[in-house]
Amino acid sequence: MTLYLNLAELLGTRIEQGLYRPGDRLPSVRSLSQEHGVSLSTVQQAYRHLEDMGLASPRPKSGYFVPLGRQMPALPQISRAAQRPVEVSQWDHVLELISSSPQHDMLQLGRGRPDISGPTLKPLLRNLSRQARRQDPDVLTYGGIRGDIRLREQIARLMLDSGCQLEAEDLVVTTGCHEALSAAVRAICQPGDIVAVDSPSFHGVMQALKGFGMKALELPTDPLTGINLDALEMALEQWPIKAIQLTPNCNNPLGYIMPDVNKRALVALAQRFDVAIIEDDVYADLAYSYPRPRSIKSFDEDGRVLFCSSFSKTLAPGLRVGWIAPGRYLEQVVHMKYLGTGSTAQLPQLAIAEYLKDGHYEPHLRRMRAQYLRSRDLMVDWVSRYFPAGTRVSRPQGSFMLWVEMPQGFDSLKLNRALLPHKIQIAPGSIFSAAGKYRNCIRLNYAEPPSEVIESAVRQIGATIAELIEEADLQHTQGLGQWR
């Protein structure tokens, strides 16, 4: 990401979090230039970008101010602490979401898919084609259980950006991040064990726990900073928790980045209670700020953090190539990998290794971060404009997912069904909870470049929400009338 966009994102986040309120004067061009070590023209570009976004307004000879009329929707409410661990439900609704095949006439705003239409993926497509044309026998073999050494070497270099200094031998290539997470859970836990999770949480992990006969303990989670560490400490004192699973960077679905001080404190808690941490880092390379946030793994001193990621969100989901850095649990994870898929397909591994080696990955990330940031701002604006008053919206600090909260009692499952005739699909919030909470919430994908089609779909979603709320209010009023 260019310097001015990085600076604009930093200032924009401070405005959205309320550090600068409507009417407040923003830092001067000169002071920002000195503070961040950038040119005056870079700061001016950043302010022009904020002006275009409606976040800053210039006043002659006075500088830039937060517009008085600037109003951001409220953040989603902090989730409440669970009273006890529960068995995971919601499989039918998850299956409904993931079973829908791509259709040209269906706008799928519920799936966690990146945009794969950009020109920066063309070198990867050429690599795939070139590997196939070479007729190299390596492409048709099983390959090693831990993955191709060339790819693991490139991933080890890539992980330096997250603060980790690892060797290729510390890594295991997996069939996507989903297998990495599943192998991590099975390497540590047994049926009946308890896993503490952020809440809302990725439905894939929830269903892995369900499939392995484990229970989830949902932790209160702040939409800007992540899990409540005090609540986690109390849970660790009360329950025999075997592992902590969370997505600390560009969280799915809330989009937050956990502060480094919280990450360090989390590792200290895990050491004190001797539990493992399963870190899902799959979206972190898409953080809007630069450098990308540090991983929890980078604070790990005794190998208790199992770091899981993949190229499914940064490049393309169809590649099905991920990895895990399992620390002290390496042997157990390799065993679980063998029980799962065995080795991962060679062709995409070799194509990605070449793509990374040739330096195509960083330019691609820069392009996608900038696109997703612009799309986020537009999606938040559309939701604010077309959804009913009182709608709460997350502030994603990376990736391409928005969490939207309607009033208590709203039914997002009913909304999803009502949108089908309009050829629109959303992700109902209940699938992001072990116990089916967040039924009044939805997750929206804003990965595709903004278009009139997407704006029209958001308008239709908002109109349908209003209709369902009005219908529910009418039924409630009629029900009260019957008792008079």
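This is a predicted model: local features need pLDDT of at least 70, side-chain atom pairs count only at pLDDT 80 or more; totals for chains, interfaces and linings use all residues.

I start with two helices: the axes of helix 5 (residues 122-133) and helix 13 (residues 346-357) come within 9 Å and cross at roughly 130 degrees. Axes here are lines fitted to C-alpha atoms, for helices over the stretch in contact, and angles run from 0 to 180 degrees between N-to-C directions. Residues are numbered from 1 along each chain as its sequence is written, and side-chain values use heavy atoms, with hydrogens and water left out. Helices (H or I, at least four residues) and strands (E, at least two) are DSSP runs, numbered from the N terminus.

Helix 5 and helix 13 are therefore oblique to each other, where angles under 35 degrees count as roughly parallel, over 145 as roughly antiparallel, 65 to 115 as roughly perpendicular and the rest as oblique. On the helix 5 side, the residues that meet helix 13 include Pro123, Leu124 and Arg130, and their counterparts in helix 13 include Leu347, Ala351 and Tyr355; contact means heavy atoms within 4.5 Å. By class, this contact of helix 5 with helix 13 has ten nonpolar, two polar and two charged residues. In that scheme Ala, Val, Leu, Ile, Met, Phe, Trp, Tyr, Cys and Pro count as nonpolar, Asp, Glu, Lys and Arg as charged, and the others, Gly among them, as polar.

Another helix pair is helix 2 (residues 29-36) with helix 3 (residues 40-52), which pack at an angle of about 115 degrees with their axes 9 Å apart. Here Val29, Arg30, Leu32 and Ser33 in helix 2 meet Leu40, Val43, Gln44 and Tyr47 in helix 3, and the residues of this contact divide into five nonpolar, two polar and one charged.

Four strands form an open sheet in the order 14-15-18-17, with antiparallel pairing; two strands pair if DSSP finds at least two bridges between them. Strand 14 (392-393) and strand 17 (427-428) stand at the edges, each with a single partner strand, so one side of each is left without a neighbour in the sheet. Strand 15 (residues 401-405) runs antiparallel to strand 18 (residues 441-445), and five bridges join them; Trp403, for instance, has Arg443 in strand 18 as its bridge partner. Helix 14 (residues 361-386) packs on the sheet, touching strand 14, strand 15 and strand 18, and its direction makes about 20 degrees with that of strand 15.

Finally, some details of the loops. A cis peptide bond joins Ser199 and Pro200, with omega about 5 degrees, and Pro200 lies in the loop between strand 6 (194-198) and helix 9 (203-211). Another cis peptide bond joins Tyr290 and Pro291, with omega about 0 degrees.

Which is buried and which is exposed, Cys250 or Asp274? Cys250, with a positive phi of about 55 degrees although it is not a glycine, counts as buried at 0% relative accessibility. Asp274, whose phi is near 55 degrees, counts as exposed at 55% relative accessibility. Buried means under 20% relative accessible area, exposed over 50%, and partly exposed in between (1.4 Å probe, protein chains only).
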